[in-house]
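Let's take a look at how charged and aromatic side chains pair up here. The structure comes first, then the notes.

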Amino acid sequence: MELIELENKENLSMKNYVYKILKKNILELRLKPGKNLRKEEIAENLQVSRTPIREAFLKLAEEALIDVYPQRGTYVSYIDLDNVEEAKFMRQTLEKAVVKLACNLLTEDVLFKLRTNIKLQEMTSSQSDFLNFFRHDNNFHKILFDSCHKSNIWNAMDQMSNHLNRFRILSLNEKFNSKELIEEHRDIYKALENQDEEKVEKIMKEHIERVRIDANILKREHPEYFK
């Protein structure tokens, strides 16, 4: 097992250090659904004791990222499409409300951040760097929540989107739609700049709805990832 470690691990307890590494590797599909997670293997890889691994497992189980079977072992959970659909519904409902609110709250500074973010999306897409593209894609939406003073809602929503986020990363890895996503982000930006509440709400709804389109393809092409 080769785990990608954190770039910045300062001020983290050992439990949170192990938890964040495992979560990062699960979300980015380096630890694939169905993978057996052995404490001794992780302990050797990260040079830690089993105690912080057990504590990290408890937290990951609460977030439905791992399944723990007594006497059988601990496994990375499969992507649950019901969970994906629920997270999509939540995002679609909240993000439509936020972009409508943002039409009257965006400053030049926030518009600049959105333009810069779109350029970063274009760059990482051209480099086929799907993981960093995913991060910039997510940050585009986070900027909107932050600009409307709804950062806590974003954090709670993102915490509940683990299955959706794995789904999105798998989709981007298959290179389905990065160009289309960038174009939709441009359209969202233009509608926000024009303070067109009706149009931006419609675009955001269709943007989030794309998940449903990809689900049919991904489940057919990669049944091993899904519950």
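## Glu-28 and its partners

In this predicted model, Glu-28 and Lys-24 make a salt bridge, with 3.1 Å between the closest N and O atoms. Glu-28 counts as buried because its relative accessibility is 11%, under the 20% cut-off. Lys-24, at 22%, counts as partly exposed.

## Bridges around helix 10

Over in helix 10 (residues 197–221), Arg-210 reaches Glu-184 of helix 9 (residues 178–193), so this pair ties together parts that sit 26 residues apart in sequence.

Glu-206 is partly exposed, at a relative accessible area of 45%.

Back to Lys-24 and Glu-28: salt bridges with shared partners join them with Arg-30 and Arg-135 into one network. Searching the whole structure turns up 19 salt bridges.

## Rings

What about the aromatics? The whole-structure search finds 3 aromatic pairs. One of them is Phe-145 with Trp-154, a tilted pair with centres 5.5 Å apart and 50° between the planes. Phe-145 and Trp-154 are both buried.

Two tyrosines have a charged side chain over the ring face: Lys-59 lies over Tyr-19, 4.3 Å from the ring centre, and Arg-72 lies over Tyr-69 at 4.4 Å.

How values were computed. Residues numbered from 1 in each chain as written. Predicted model: local features only at pLDDT ≥ 70, side-chain atom pairs only at ≥ 80, totals over all residues. Heavy atoms only, no water. Phe/Tyr/Trp six-rings, centres within 6.5 Å; stacked < 30°, edge-to-face > 60°. Buried < 20%, exposed > 50% of the residue type's maximum accessible area, 1.4 Å probe, protein only. Lys NZ or Arg CZ within 6 Å of the ring centre and 35° of its normal. Salt bridge = Lys/Arg side-chain N within 4 Å of Asp/Glu carboxyl O. Helix = DSSP H or I, 4+ residues; strand = E, 2+ residues; numbered from the N terminus.
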